[in-house]
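Here is a friendly walk through one protein model. Have a look at the fold first, and then we can go through its parts together.

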Amino acid sequence: MLECDHLHPPDPYNQIVEAQLRETGFYYVSQIGVIKGQSAMITALIERWRPETHTFHFPVGECAVTLEDVAVILGLPTNGLPVTGPTMSSFEALEAECLHHFGVSPRKNECRGSFIKLTWFRGVRDRIVLNDVVSMQMYVKCHIMLLFGKVIFTDKSGAGVHWKFLPLLRNFGQIIQFSWGSACLAHLYRSLCRATRVDCKEMDGPST
């Protein structure tokens, strides 16, 4: 029998910010942690995946991961604004965006191309003194970026997150208005399609 292994518990956060976390729509996904399936199960599913239809083809019929699954399992909003925008690759732009959000920016050795190491976000988050609304919102933004890197928009390394999401977090009250669930599902579909290639060794994406 193939089973899923719950390997990593949810990233802990200060309970003081729970109201702000709920306000963004990321409260439920923050309770899940990282669930990884056994490689045999993942491989079996990938072999049944058809990129043309974005469905799994089984002997008993077809099956697909849907927006409803994303909403039920991760609790992410599936209606609203599209998660899109320009993707800039310059370190200067990355630095300016981090300064705008957090008042500090990562060093080059804390980045990998356009990806910022999760350890940097965790360090910034844990140093924030939660004494007003602004500091609480800053804390929640760091936590959301950690969720992006560990659960929702994971890459193969599992150690970083692309900074392209930061501009979408500028208006704190508007964060919940984005269809994060749709973007998560699209990322999963792309990850599954890439995994079907003969030269692909590992799969990224929200395997939860």
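## Overall picture

Of the 208 residues in the protein, 43% are buried, where buried means under 20% relative accessible area, exposed means over 50%, and partly exposed lies in between (1.4 Å probe, protein chains only). Please keep in mind that this is a predicted model, in which local features need pLDDT of at least 70, side-chain atom pairs count only at pLDDT 80 or more, and totals for chains, interfaces and linings use all residues. Residues are numbered from 1 along each chain as its sequence is written, and side-chain values use heavy atoms, with hydrogens and water left out.

The protein holds 7 helices and 8 strands; helices (H or I, at least four residues) and strands (E, at least two) are DSSP runs, numbered from the N terminus. Its radius of gyration is 18 Å, close to the 17 Å that the globule rule gives for 208 residues, so the protein is as compact as a globular protein of that length. That radius is taken over C-alpha atoms, and the globule rule is 2.2 Å times the number of residues to the power 0.38. Along the principal axes, the C-alpha trace spans about 55 × 35 × 30 Å.

## Contacts, surface and charge

Contact means heavy atoms within 4.5 Å. Among contacts between residues at least 6 apart in sequence, 68% join residues at least 24 apart.

The protein exposes about 11100 Å², and carbon and sulfur atoms supply 55% of that area; the areas come from the Shrake-Rupley method with a 1.4 Å probe. There are 20 positive and 20 negative side chains, with the centres of the two sets 5 Å apart. Here Lys and Arg count as positive and Asp and Glu as negative, while His and the chain ends are not counted. Each charge is placed at NZ of Lys, CZ of Arg, CG of Asp or CD of Glu.

## The β3-β4-β5 sheet

Three strands make an open sheet in the order β3-β4-β5, with antiparallel pairing; two strands pair if DSSP finds at least two bridges between them. β3 (49-50) and β5 (61-63) stand at the edges with a single partner strand each, so one side of each is left without a neighbour in the sheet.

β3 is joined to β4 (residues 55-58) by 2 bridges, and Trp 49 has Phe 56 as its bridge partner in β4. The hairpin of these strands, β3 and β4, has 4 residues between them, and His 54 takes a positive phi near 55 degrees there. On to the next pair: β4 and β5 are antiparallel over 3 bridges, with His 57 opposite Glu 62 in β5. The hairpin that β4 and β5 form has 2 residues between the strands.

## The β6-β7-β8 sheet

Another open sheet of 3 strands runs in the order β6-β7-β8, again with antiparallel pairing. β6 (111-112) and β8 (160-162) are its edge strands, each pairing on one side only.

Between β7 (residues 115-117) and β8 there are 3 bridges in the antiparallel sense. Phe 115 has His 162 as its bridge partner in β8.

Which loop holds Asn 131? Asn 131 lies in the loop between α5 (118-127) and α6, and at 59% relative accessibility Asn 131 counts as exposed. The C-alpha atoms of Asn 131 and Gly 33 are separated by 27 Å, the two residues being 98 apart along the chain.

Ser 135 belongs to helix α6 (residues 133-152) and, at 8% relative accessibility, counts as buried. Leaving aside its neighbours within four places in sequence, Ser 135 is in contact with Ile 128, Val 129 and Leu 130.
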